[in-house]
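Subject: Structure handover

Hello,

Please find the structure below. My notes on it follow, grouped by topic.

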4 protein chains.
Amino acid sequence: MARRSVPHDVADLGLAEQGRARIEWSDRGMPVLRSIRERFAADRPLDGLKISACMHITTETANLMRTLHEGGAHVRIAASNPLSTQDDTAAALVGEYGISVFARYRSDRAAYQRSIDATLAVPPEIVLDDACDLVTALHTDYTDLLPGVRGGCEETTTGVVRLRAMAAAGALRYPVVAVTDSPTKHLFDNRYGTGQSTVDALLRSTNMLLAGATVVVAGFGHVGRGVAERLAGMGARVLVTEVDPARALDAVLVGYTVLPMADAARVGDVFVTVSGNRDVIGPSHFKLMKDGAVIANAGHFDIEVDAAWLVENAVAHRARVRPNVDEFVMSDGRRLMLLAEGRVANLAAAEGHPASVMDISFAVQALTVEWLLNGGAPAGGGVLEVPAEIDREVARLKLAAFGVEIDTLTDAQAAYLTSWD
Amino acid sequence: MARRSVPHDVADLGLAEQGRARIEWSDRGMPVLRSIRERFAADRPLDGLKISACMHITTETANLMRTLHEGGAHVRIAASNPLSTQDDTAAALVGEYGISVFARYRSDRAAYQRSIDATLAVPPEIVLDDACDLVTALHTDYTDLLPGVRGGCEETTTGVVRLRAMAAAGALRYPVVAVTDSPTKHLFDNRYGTGQSTVDALLRSTNMLLAGATVVVAGFGHVGRGVAERLAGMGARVLVTEVDPARALDAVLVGYTVLPMADAARVGDVFVTVSGNRDVIGPSHFKLMKDGAVIANAGHFDIEVDAAWLVENAVAHRARVRPNVDEFVMSDGRRLMLLAEGRVANLAAAEGHPASVMDISFAVQALTVEWLLNGGAPAGGGVLEVPAEIDREVARLKLAAFGVEIDTLTDAQAAYLTSWD
Amino acid sequence: MARRSVPHDVADLGLAEQGRARIEWSDRGMPVLRSIRERFAADRPLDGLKISACMHITTETANLMRTLHEGGAHVRIAASNPLSTQDDTAAALVGEYGISVFARYRSDRAAYQRSIDATLAVPPEIVLDDACDLVTALHTDYTDLLPGVRGGCEETTTGVVRLRAMAAAGALRYPVVAVTDSPTKHLFDNRYGTGQSTVDALLRSTNMLLAGATVVVAGFGHVGRGVAERLAGMGARVLVTEVDPARALDAVLVGYTVLPMADAARVGDVFVTVSGNRDVIGPSHFKLMKDGAVIANAGHFDIEVDAAWLVENAVAHRARVRPNVDEFVMSDGRRLMLLAEGRVANLAAAEGHPASVMDISFAVQALTVEWLLNGGAPAGGGVLEVPAEIDREVARLKLAAFGVEIDTLTDAQAAYLTSWD
Amino acid sequence: MARRSVPHDVADLGLAEQGRARIEWSDRGMPVLRSIRERFAADRPLDGLKISACMHITTETANLMRTLHEGGAHVRIAASNPLSTQDDTAAALVGEYGISVFARYRSDRAAYQRSIDATLAVPPEIVLDDACDLVTALHTDYTDLLPGVRGGCEETTTGVVRLRAMAAAGALRYPVVAVTDSPTKHLFDNRYGTGQSTVDALLRSTNMLLAGATVVVAGFGHVGRGVAERLAGMGARVLVTEVDPARALDAVLVGYTVLPMADAARVGDVFVTVSGNRDVIGPSHFKLMKDGAVIANAGHFDIEVDAAWLVENAVAHRARVRPNVDEFVMSDGRRLMLLAEGRVANLAAAEGHPASVMDISFAVQALTVEWLLNGGAPAGGGVLEVPAEIDREVARLKLAAFGVEIDTLTDAQAAYLTSWD
C-alpha cells in the first residue's frame, strides 16, 4: 500500500495489524472523538494543515491522530516518553493509517532527539505538546520555525506552568491553548483518569491489598484529589502532603490526614507522588520508610522521586522482582519497592487513561486545532484557556454518549440569571 | 451604658445577654477571625471607616461586626433575610458591643425597606452585601451616595452573577470583591457549610431516615456538590438535576444518577433545590410527586420552589405539622411537605453554617475590607476576585487552628516550578 | 371518654392532643408496623393478653403500644430512661388511646421504682424490655410473678449480654427473644438509626462543622460501625478504639485509624462512646484531651463516660452553655464539653431513631409477641433468636414500603442451592 | 535433590525457580501464616499427618502447603479449577518444596479426574476443599476411604451450602469446618479480597473507565457487598439485584438502587455475578442488554452466567478481542463482552486474592488442621464453625502485622459485661 511510504521510525511494522485491533477497541470508548472524526472526514476542515506532535504513543493518541488526519491534516508525531510508547500502536499509525510516527519503546536520549528533529523536519503550523518538548525545541534549536507556527496545545499541568513562566518572561512566541485547564478535561483526565490508572498500576505491579493500607498521596491538586478518592474508595487510609495551604485545607475537610512528608514517611505502606514538582520523596524520606514500602510516581516526569539516589545508595538492587517493581535494599536491611523506575507509573505499569477519559481530552484538542486554524486565538505568545464553547460542546457530546438527559433553562430562568434590576 | 445609645431597631434589647453568650460560643469556632480581631484591636487599621452591611443577623456575622468595630470602623447593619434574624444576636450587637443594627425576626417588606434606609443613613465608604441588597439600593434609590463608596464585598454566588451582569452592562459603579469566589471560602461555605446545614435542616424538621431515601438535588454547583456529598454520606440515594452539561457530567462521574426534574419528580422522597435559579420545582413537578414527598430549598431566595402555587392550589394547607414543616394536600389526596415555606431551609430550619465555616468567609471579608481601604482595588465598577494573598493567609491561619502542619517548598522546588529552560 | 380512666402517672394529660399529632406523624414513617396493626385490629390475635413493658416513651413506642392494644392486649408501660420520656406522648397514650403509662420526663430514682411497681401491678404474661429493667425486677423483687410469664422481648444488645449471662448461670426463668439480634433490626436500628441520630445530636447540640473534625468512635460493633459511617459521611476523620481484635481489624480494613484510647484522647475533637461497656472514657483520658473537646455517649447507659469524675473534679461546671451541652473547666484551663450529662445523646439531645427505623424493630416485636403467645418458644429460661420467618416477613414488608421489587428464585435455582450430588 | 522424587503431574518442572520467586513474594504479604509456619517448623505438630487437598494452585495456596509440610504433614494437592492453576507455582511446590501436586493449567475433565484420583491415592486423614471436590469424590467413588478421614475444611460459601444440605440429609460422613464462615476470613476474603480482585479483573480486561459507569452487582452477600463497595469506590453507579429480602433491604440502606435483573439488564454497562447460584444472567437478559455491555462472573462456578447460550446463539463470536474478553455479536448487531468465558473473573483475569487476604484464610486453615488433629471436632458428619479462639488468634496476629495496637478490657469492664445483678 502507498500508505506505508510515509516517513517513519518505528520498532516493527509487522505489529501494525495487532495495533489496529487495539486502536479500534479504544475507539469504542471514544464516542465524542469519533463523532468529531466523522464530521472532519466529511468536511475536511484541516485540509493541508501541517501538525507536529510530541505525545504519549498510545491507542487513544492514535485516535486523535486519525481524527486530525481524516480532517485533512499532515501529521508528524514523536513520543513524549519512550516508556509509554506502544510499538504496535506506532506501527499501526504508520502502516494502517498512513501517519508519520517517530517512536520506539524504551529508546534512548539520542533517539529521542532524532525523533524531535524528524517531527519538525516539516515546519509545523500547529504544535501539540505533552509537557513542552516541542515548545522547548522550537524556542531553542528551531527558532527559525517559530514564525510559521499559528498555535499549539499543551496537555499537562506541568507544561502549562512552564508555558506561563515563559509567557511572563516574554519568551513564548506563539499562542498555546492550555488543554489541561479545560474544566471538562480536568474532570476526566486529571481526576478520574489518573485516579483509576494509578489504582490499576498498583494492583498490576504489586497485587497488594489496598484495604487497610496506609497510602501517602503527595500533592492535592486535581490529580492528587483523584488519586486520593480512588485509593480511599479501595479502602486505603489516605494521608496527604501538600505545600499549598488552600489545597491542604481542602484535604483536611474531605477527612484525610494531612501532614508533612517527614512524618508520613514513617507510616506509609504506599507512596504516590502527584505534586508536579521535583524531589518530593528523597533520601531523608527513604531513611524513615518501613520495610516493604512501595513508591510510585503518578506525576509527570521521573523527578518526583529521587530514584537515582536509590540506585546509587542501595546495598542491593533487584530489578523486576515483579513486572515494573524494583527492590532496593537499604544498608539496615529495609527493602523499598520502586514502581516503573520512578517514571509515570499509571502509564508505564498500567495502560494509562481509559479510552473514555482521553476521549474528552482529545476531543477538546481536535476542536481546538480547528479553532486555532480558524483564527480563534489572538496573535502573540500567550497561554490561552480552552474556549468555553468547546468545553461545553464536548461535555454535551459526552453526556449524550452516557445516555444522560438533562434539563434546559426556560426563557424565564435564563432571563433571571442575567437580570439585576 | 453609653453604648446603648447607638441608633438601632431590634426586637428586644433584653435579649442582649443571652445573645452575647451565643456570640461567644460561636467565637470559639472562629479562631481565624479571632486572630484578625486581636490584630485589629491593637492596630485600629479601620479607624473611622464607615461601613454599611446587609447580611444574615447571626452570631457569626456578629463576630465579623465586632472585628470591624474593634478595628475602628463605624458599622451599620440590616438583615438580608428576616427569617434568619436572631433577635438575641441583634440585641447583643447593640447592647453589648455598641453596633447599630436594624433587624427583627420575621419583619415585613416595609420594615425591610426602613432597615435599608437606616443602614444607609450614614453614607458608607465600604458596603458588605449578602445578595446585592445594598448594591441594588445604592444603584436605584441612593445613587447620590455612590461617589463616596470605595468598594464592597458580596457573599453569595447569586449576588455575584447579578453583579457581573451589572458590570457587563456598565452599570456597576464601585468595585466589589466577590468573596464567594474565594477558593477557600468556596470550600467551607458553599460546599461544606451548606452541605452540613442542609442535612441538619432535614433532620430537625422531619427526623426522617436518610439512609435508603431517594433525594433529588437540583443543581450541581459548589453548593449542590456539597449537599449531594453529605446526603450520600448519610446513606441517601442521590439523584441530580442540572442545566449545565459540564456540571452534569461531573455528577455522572461521581456516580450519581443524573436526569431531568420531570423524571426525578416521580421518584424522589426528598427534594433539595440549590440551583440559584427560579422555579426549579413548580406545578408540573408537584403533580408527579409521591405522597409524603419533602421539599426543601437550600439556594438563596425563596423562588427556587414555587411555594405560592402550593398555597393557592392545595385543597388543604396544614401549617407546621412539625416545626418548619407545612403540609399541602393535593386534590388527589397526595401530601407534599414544604420546609420553611420554601425559604432557605438551612438557615430557617437549622442554624445556618457552623461558626468554623463562617470563620473563613468572614476572615476573608475582614481582610478584604482592610485591603479595599488600603487602595487594593482598581477604580471603577468591576467585580474583583479575592486577592490570592488574602486567600492563602486565611487558609494558613485555618490550618494552624486545625493543628495541621504542611510542607514548604525548598528553593530548588520553587525554582523548578517557575523554570522552563 | 371512658378511655381516660385507665391507670396512669404522666406529667400533664393536657398534652395528649399534641402528643397524638406527633404519634400520627411517626406513624407515617412506620408502614410495616401499620400494616401489622391493621391485621391485629381485624383479627384480635392478642385478645386479653397481659403485657408489661419498660421502654423509651417515644412516639414510635406509642405506635407499638397501639398495635398491641388494637390486637386485644392489656398493656402497661414504664419508662426505661426518664430523659427520653416525651410527656406529650405519654399523655396521648393515656388520653387518646387508653393505654396505661407510668412515666414522666426527668423523674427521679424513686419515681422510677414506683413506675416499675405500677407496671407489674397486673401480673404480665409477656414482658417487653429495653435493657432488662423488668427482667431484673421480676428476678429480684417480683419472683412470685415469674411462673405467669410466658416470654419476653429484649431490645438492646447490652440487655442481651446480661440475659445470656443469666441464662448461662441458670438464673433466667422465662424465654426472652433477643430482638436486637434480628438481622433486619440490626441494620436499621443499631447501624442506620443510631448512626443518623448521633450525627443529629452532635449538630443540634454544638452546630460544629464535622468536616475535617477528628472524631473518636469508641467501639466498633454494629452501632459503632453505623456511627463511624455517618460521621465519615459528614467529612470527619474517624478514629476507632476497640478491645476485640476481629472488630478492630474490620475497622482497619474500612480505612479507619485504629488506636488505643490513650492515644486517641490527645487528638480527638469529638468522642462518641458506643462500646456497651463502662468507663471507656475516664479520668486518665480527660487529662489528655484538647481544649474544647466534645464528649458524647451513644451507648446504652450513662456509664460509658465517667461523668461523675468531671462533676467532682472540674474547677468549674457551666451547665447548658448550649442546650444539652455542659462545660467542665479543668484545673489547667482546658474546657471539656459533655453532651446530655453523659446519657444517651442521640435520645436525649436529638429525637432518637427515626420512625422508619423503629418501624422495623417494633414490627419484629409485635410479630414476636404473637409468636410467643402461639407457643413458638420452647419452655424454660433461654435467650432465643428472632424466628427467621419473622425477620424475612418484616424485610419483605419494608421493601414493599420502599417501593422496591426484587427477584425470586426459580425452581431450578432453589434446587441448585440445596443440591449436592 | 531427593525432593524432586515426590509423585506429581505438573506442566513443566523447569518453571520451579520462577515459581519459587513468586511464592516468596506472596510470603511477604502473609505475615500471619509465616508466623504459624515458623512455629510449625519448630514444633512439628502435624508430624506424619496425611492431608489431601483440592484447591486453586496459586502462590498463596503454596504457602499454606509449605506450612503444613513444615509442620510434618504429607500433603497431596489437586487443582479445584484448571483455569486458576499457575504452572510455575505447581512446579515450585514439587521441585523446590517437595510437595506432591497434580495440576496443569487448562487441563481437561479427564485430567481433572486423574488428579483427584492421584490426590486420594494415599488415604487422607485431613481433607482440604475449595468447593467440595474431594468431599464429593469421597462420598461417591471413594467411600472406602471415609472411615479414615478425621475431618476437613471447606473454603467456599457455595461449598458450605452443599455440605449443610448433605449434613441435613444425613449423608455427610466426617466433620467439616466451614472456614468461609470465620468472621475474620469473611472480612478479608469474601469482602475485601474479591472486591479488589474484581476491580482488578475489570481494569485489566477492559481498561474501561469505571467512574460514571452503571454496574449491576447480582447478589448482595458478603462477596456482593465487597464488590459493590469497591465499584462504588471507583465511581461507578451501583445497581444491586437480590432474591433475599433482608439482603436487598441492606443494599437499599447503603444507598444502592435495588431492582430485578430484568430491569437492570436494560441499563447496565457492566454486570458482575456474585450470587452463588446458577443462571443469574441468561437469555432473557442478554436480549435486553446494551451494545457493548460487559459481563463478568465473580461467584464460584461458571454457571452464574449462561455462557453456553451465548456460544450457541451469537451470530459471531470473536475470542480474546482483548486478553480474557470474548465478544459475542447478537442477531440485532449488539455486542456483548464476556470476561474469562464466564469463569471466575477475579481468578482467571486477575491474580485472585492479594496475598494478605489469603494470609487470613490460610492461617485459619492451618490452625484448624492442628485443631482437628488434636481432637477439637466432635465425631460425626457435621458442618462446624471455626473455633472462636482460632478466629481471635488470627485477628490478633494480623493486627500486629498492621502495626495496630488496641485497648484491652480492664477487670472491671470484663466483670461488667458478664454481670447482671
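In what order do the strands of the seven-stranded open sheet of chain A run? The order is E3-E2-E1-E4-E5-E6-E15, and the pairing is parallel.

Before the rest, some conventions. This is a predicted model, in which local features need pLDDT of at least 70 and side-chain atom pairs count only at pLDDT 80 or more, while totals for chains, interfaces and linings use all residues. Residues are numbered from 1 along each chain as its sequence is written, and chains are lettered from A and ligands numbered from 1 in the order in which they are written.

Sheet of chain A

Helices (H or I, at least four residues) and strands (E, at least two) are DSSP runs, numbered from the N terminus. Two strands pair if DSSP finds at least two bridges between them. Ile51(A) has Val75(A) in E2(A) as its bridge partner. In a regular strand the side chains alternate between the two faces of the sheet.

Helix H6 (residues 133-140) of chain A lies across E1, strand E4 (126-129) and strand E5 (151-154) of that chain, at about 130° to E4(A). Here axes are lines fitted to C-alpha atoms, for helices over the stretch in contact, and angles run from 0 to 180 degrees between N-to-C directions.

Helix pair in chain A

The axes of helix H1 (residues 16-28) and helix H4 (residues 87-95) of chain A come within 7 Å and cross at roughly 100°. H1(A) and H4(A) are therefore roughly perpendicular to each other (angles under 35 degrees count as roughly parallel, over 145 as roughly antiparallel, 65 to 115 as roughly perpendicular and the rest as oblique). Among the H1(A) residues that meet H4(A) are Ala16(A), Arg20(A) and Ile23(A); the H4(A) side includes Asp88(A), Ala91(A) and Gly95(A). Two residues are in contact if their C-beta atoms, placed from the backbone, lie within 7 Å. By class, the contact of H1(A) with H4(A) has four nonpolar, four polar and three charged residues. In these classes Ala, Val, Leu, Ile, Met, Phe, Trp, Tyr, Cys and Pro count as nonpolar, Asp, Glu, Lys and Arg as charged, and the others, Gly among them, as polar.

Domains of chain A

The domain assignment gives domain 1 (2-185 + 353-402) and domain 2 (192-348); such bounds come from an automatic or database domain assignment. Taken over C-alpha atoms, the centres of the two domains of chain A are separated by 29 Å. The contact between them joins 11 residues of domain 1 to 11 residues of domain 2. On the domain 1 side, these residues divide into four nonpolar, seven polar and no charged.

Sheet of chain B and the hairpin of chain D

Chain B has an open sheet of eight strands in the order E9-E8-E7-E10-E11-E14-E13-E12, with mixed pairing. Its edge strands are E9 (257-258) and E12 (316-322) of chain B, each of which pairs on one side only. E12(B) runs antiparallel to strand E13 (residues 325-329) of chain B, with four bridges between them. Arg322(B) stands opposite Val325(B) in E13(B).

In chain D, E12(D) and E13(D) form a hairpin with two residues between them, and Asn324(D) in the turn has a positive phi of about 70°. His317(D) stands opposite Phe328(D) in E13(D).

Contacts between chains

Chain B gives 45 residues to its contact with chain A, and chain A gives 45 residues. The chain B side divides into 27 nonpolar, seven polar and 11 charged residues. Copies are superposed by least squares on the C-alpha atoms of residues with pLDDT of at least 70 in both. Of the interface residues of chain B, 100% are also interface residues in chain A, so the copies meet through the same surface.

For chains C and D, 45 residues of chain C are in contact with 45 residues of chain D. Chain C can be laid on chain D with an RMSD of 0.1 Å by a turn of 180° and a shift of 0.0 Å along the axis. The two copies are thus related as by a two-fold rotation axis.

Regards
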